[in-house]
Amino acid sequence: MFGAILGDIIGQPYEFDRGHKTKEFPLFCKNPRFTDDSVMTIAICDGILKAGLEADENTMKTAMITSMQLWGHKYPHAGYGGRFYRWLAMEETKPYNSWGNGSAMRVSSVGWLFESLERTREVARWSAEVTHNHPEGVKGAEATASVIWMARNGYFKTQIKDYVIKEFGYDLSRTCDQIRPNYYHVESCQKTVPEAITAFFEGNDFEDVIRTAVSLGGDCDTLTDIATGMAEGFYGLPDQFKKWAYEFTTEDMHQVMKAFEEKAIERKVREA
């Protein structure tokens, strides 16, 4: 989850195709800031932890909705999409059949908190369905969480790739060099998640995944958020990057981040 937050912060200055599609750029801009991607990443994690990891579908979804609205109201100017912004204000929330990449950018904690891949996919699906209940929105969340779960559980990238293709049907045949020239700002899962997965596959370490993702352009904060969430699972999080994750976020976020870290460590010990 820390990786996803960092990807959001680092990618933010380059979204809307404001970058130069290169891996050579300052890691942080003059005034680093998080966007709705980080706010909703925190919100989903907070909702899960408050519901409890064994919660049923209704309990979990209710907690996620409550948490997203709470955090959305705390940070109302974080850059939400129009339909999601309206959803945040609803008294009676209903999903709106979105295939936007918002379902994938907020799901990273799910890939860390559950013991089985089956449970990971189930909760990822629930996290999408409260808003992004279009099949592509659900698929984007499930695929992202699955890659993170497999990455942190020692699967090779080739195994992860085979699983993603088999289970989700994404076309992962293109390289980043093939994607980069014609890639543009698009906010759908189907045109963000495969590209983020490819950036993760091609990166050689945590920072290189960041730089590879940013170099693709497009919806750069979200694409990099998704890719670096995966990279954290595979490579771990360098200490300096963890310090930056805390430095560029707020105290109320830190409370959730620390609770997440404690629960993820607890899960890791239990699995061992």
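Q: Why is Cys 189 called buried?
A: The relative accessible area of Cys 189 is 0%. Buried means under 20%, exposed over 50% and partly exposed in between (1.4 Å probe, protein chains only), so Cys 189 counts as buried. A word on the basis: this is a predicted model, where local features need pLDDT of at least 70 and side-chain atom pairs count only at pLDDT 80 or more, while totals for chains, interfaces and linings use all residues. Residues are numbered from 1 along each chain as its sequence is written, and side-chain values use heavy atoms, with hydrogens and water left out.

Q: What makes Cys 45 count as buried or exposed?
A: Cys 45 has a relative accessibility of 0%, so Cys 45 is buried.

Q: How many disulfides does the structure hold?
A: There are zero. A disulfide is a covalent bond between the sulfur atoms of two cysteines, and here the criterion is a pair of cysteine sulfur atoms within 2.5 Å. For Cys 45, which is in no disulfide, the nearest cysteine sulfur belongs to Cys 189 and lies 20 Å away.

Q: What makes helix 1 roughly antiparallel to helix 13?
A: Helices here are DSSP runs (H or I, at least four residues; strands are E, at least two), numbered from the N terminus. The axes of helix 1 (residues 2-11) and helix 13 (residues 220-235) come within 7 Å and cross at roughly 150°. Axes are lines fitted to C-alpha atoms over the stretch in contact, and angles between N-to-C directions run from 0 to 180 degrees. Under 35 degrees is roughly parallel, over 145 roughly antiparallel, 65 to 115 roughly perpendicular, and the rest oblique. Helix 1 is therefore roughly antiparallel to helix 13. Ala, Val, Leu, Ile, Met, Phe, Trp, Tyr, Cys and Pro count as nonpolar, Asp, Glu, Lys and Arg as charged, and the others, including Gly, as polar.

Q: Why is helix 8 called roughly parallel to helix 11?
A: The axes of helix 8 (residues 135-152) and helix 11 (residues 193-202) come within 10 Å and cross at roughly 15°. That angle makes the two helices roughly parallel. Gly 140, Ala 143, Thr 144, Val 147 and Ala 151 of helix 8 meet Val 193, Ile 197 and Phe 200 of helix 11. The contact divides into six nonpolar, two polar and no charged residues.

Q: Why are helix 3 and helix 7 called oblique to each other?
A: The axes of helix 3 (residues 57-74) and helix 7 (residues 117-129) come within 9 Å and cross at roughly 50°. Helix 3 and helix 7 are therefore oblique. The contact residues include Met 60 and Met 64 of helix 3 and Val 123 and Trp 126 of helix 7. Four nonpolar, one polar and four charged residues make up this contact.

Q: How do you know whether Phe 248 is buried or exposed?
A: Its relative accessible area is 17%, so Phe 248 is buried. Phe 248 sits in the loop between helix 14 (239-247) and helix 15 (251-271). Leaving aside residues up to four places away in sequence, Phe 248 touches Ile 9, Phe 28, Pro 32 and Phe 34. The C-alpha atoms of Phe 248 and Ile 5 are separated by 9.4 Å, although these residues are 243 apart along the chain.

Methods. Contact means heavy atoms within 4.5 Å.
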